[in-house]
Amino acid sequence: MATTPAPCSSCFSTSQSKLKDLKKTQLGYGPILQAKPIKQWRGFSSIGNGPRIIRPKTEHLERRSTRNGVVVGVRCTAEGLERGLLVGRSSSIEEVKVNVPERLKVVAMVAAVMCLCNADRVVMSVAVVPLAAKLGWSSSFLGIVQSSFLWGYIFSSVIGGALVDKYGGKRVMAYGVALWSLATLLTPLAANHSTTSLLAVRAVFGLAEGVAFPSMSTLISRWFPTQERASAVGLSMAGFHLGNVAGFLLTPIMLSSMGMSGPFILFSSFGLIWLMTWALKVSNDPKESSYISKSELLLIQAGKTESPVKNDKLPPLSLLLSKLPTWAIIFANVTNNWGYFVLLSWMPVYFKTVFSVNLKQAAWFSAVPWGTMAVSGFIAGTLSDYLIKAGYSLTLVRKLMQSVGFIGPGVALLCLNYAKTPIAAAVLLTIALSLSSFSQAGYFLNMQDIAPQYAGFLHGISNSAGTLAAIVSTIGTGYFVQWLGSFQAFLTVTAALYFITAIFWNLFATGERVFYD
């Protein structure tokens, strides 16, 4: 009995031959590709979301087949890459789809806003140099102007943390960006009006920016499994530190080309653009996202050690402050902010005063350390995640990262007292800031470890204490320089504080959960 041949079998044979002829000009994959009728194939996300079955629209492809030729599928195993090739008698069409995990999109948006957050701060640190010369401010009063940002920041940290715990990071971050972009835009107008107006606008600016870190911390804890969290923070903080670079490099250019208002208009415009994208694309929690795949959602949920929590009320403050791990976090934040804001606020002034470099040169010397800090912060996060995956205890990893983040900068700042050239000073500052970024994988993540349900509020408490320290250090530096005519004494005090806090951290910090429902 004769057997009826399978329809189009000769067509598939012909298509295989054509595909081999086209392998170099069309795809360049080499002779290992083989054509097969499309049924289904597997694709993989770029960060281990797991396989997912993709079923092409068969009826649609069959209609294309009757018009243009035979439908041929090409299977390509690569991370996040799925390809379908339609080969016809007279032409060929290649369709490419790249799947980016939704949590990567979220952390990219967070990194972008953290970059903007810090760039908006730095604009004033650079612009204040010609402004002080114009208005005849002393070093001590310059410290007061520099610290005015922190006056509002200290109050919004606790309030912002509580709001984030209740409403989520998306909404709180959006309102914060809108308000601080407006304050940035108004800063040059306020400076032209009066010093009081300038101080008030900078305080409002700080009030708005106080919600950024609690929002970032909570969003990352919800969107990333525990073993990826340090890397996500590293990426976000890389954006934050690159904001320093952008601010230090762009501000002198904008000041010389557009005048005092130029950099403030530029960065406030960036805030508006970011805000429109954020409102449409990001959700508070991956469970609320309409873009995330089921496999990615399962991966995120499976990688969390704590159960999901949602708090509508504040925890007793006495409860949080009754535990030494809480104080370890608070002291670490105090020390980190003390050193960070001294360097952020005074670095351009330091290079101009000590080494007599002009504003543009000072900006370059100031920008390099922050650029390397962005890279080292990501390295710290990746190393932390690697150690956790390798089986080291969370407590050990947190203590190790924080020890590097405090002892390294302390030694570098002591050596800075003996720098004789601006290049030597820039190298030492680069070492200090690069190693301080290891704190991102230390105390910064530890809030989610010990109190996931109160992390936003705890972040606000520790950040308020850190902000108070930043105010003292920023103003204190100005008075020290005015009284002693040198930065050396204050650099030594800062180094000693780093060493003392490193000891306290290693004695009392823990990676275990301390507070339960």
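This is a predicted model: local features need pLDDT of at least 70, side-chain atom pairs count only at pLDDT 80 or more; totals for chains, interfaces and linings use all residues.
A search of the whole structure turns up four cavities of 30 Å³ or more. The largest cavity has a volume of about 290 Å³. Rolling a probe the size of a water molecule over the atoms shows where empty space is left.

Which elements give two or more residues to the lining of the largest cavity? They are α8 (226–258), α12 (324–355), α15 (422–436), α16 (443–450) and α17 (455–484). Helix α12 provides the largest share of this lining, with seven residues. By residue type, the lining of the largest cavity divides into 14 nonpolar, eleven polar and one charged.

Now step back to the chain. It has 18 helices and five strands. Of its 517 residues, 56% count as buried. Among contacts between residues at least 6 apart in sequence, 78% join residues at least 24 apart.

Helix α6 covers residues 195–209, and at 1.5 Å a residue its 15 residues should span 21 Å; the end C-alpha atoms of α6 are 21 Å apart, which agrees. Helix α15 also has 15 residues, and from its first C-alpha to its last it reaches 21 Å, close to the 21 Å expected at 1.5 Å a residue.

Alanine 183 lies in helix α5. At 4% relative accessibility, alanine 183 counts as buried, because the cut-off for buried is under 20%. Alanine 183 and aspartate 120 are 63 residues apart in sequence and, C-alpha to C-alpha, 9.8 Å apart in space.

The structure holds 18 aromatic pairs. One of them joins phenylalanine 213 and phenylalanine 444 in an edge-to-face arrangement, 5.7 Å centre to centre with 75° between the planes. Phenylalanine 213 lies in helix α7 and phenylalanine 444 in helix α16, so the pair ties together parts that are 231 residues apart in sequence. Are these two residues buried or exposed? Phenylalanine 213 is buried, and phenylalanine 444 is buried too.

Another pair, tryptophan 327 with phenylalanine 331, is tilted: the centres are 5.8 Å apart and the planes make an angle of 40°. Both residues lie in helix α12, four residues apart, about one turn of the helix. Tryptophan 327 is partly exposed, with a relative accessible area of 29%, and phenylalanine 331, at 35% relative accessibility, also counts as partly exposed.

Phe149, Tyr153, Phe205, Phe213, Phe240, Tyr340, Phe341, Tyr443 and Phe444 form it.

Two last residues take us to other places in the fold. Leucine 255 is in helix α8 and is buried, with a relative accessible area of 15%. Beyond neighbours within four places in sequence, leucine 255 is in contact with Val126, Ala127, Pro130, Met260 and Pro263. Of these, valine 126 is 129 residues from leucine 255 in sequence, and the two are 9.5 Å apart in space, C-alpha to C-alpha. Tryptophan 364 lies in helix α13 (residues 359–389) and is exposed, with a relative accessible area of 55%. Tryptophan 364 and leucine 249 are 115 residues apart in sequence, and 6.5 Å apart in space from C-alpha to C-alpha.

How values were computed:
Residues are numbered from 1 along each chain as its sequence is written. Side-chain values use heavy atoms; hydrogens and water are left out. On a 1 Å grid over the protein atoms alone, a cavity is a set of points where a 1.4 Å probe fits but cannot get out, and a pocket is an open set with protein on both sides within 12 Å along at least five of seven lines; lining residues have an atom within 4 Å of a point. Grid points are joined across faces, edges and corners, and a volume is the space filled by probe spheres set on the points. Ala, Val, Leu, Ile, Met, Phe, Trp, Tyr, Cys and Pro count as nonpolar, Asp, Glu, Lys and Arg as charged, and the others, Gly among them, as polar. The expected span of a helix is 1.5 Å times one less than its number of residues. Rings of Phe, Tyr and Trp (its six-membered ring) pair if their centres lie within 6.5 Å; planes under 30 degrees apart count as stacked, over 60 as edge-to-face and the rest as tilted. Buried means under 20% relative accessible area, exposed over 50%, partly exposed in between (1.4 Å probe, protein chains only). Contact means heavy atoms within 4.5 Å.
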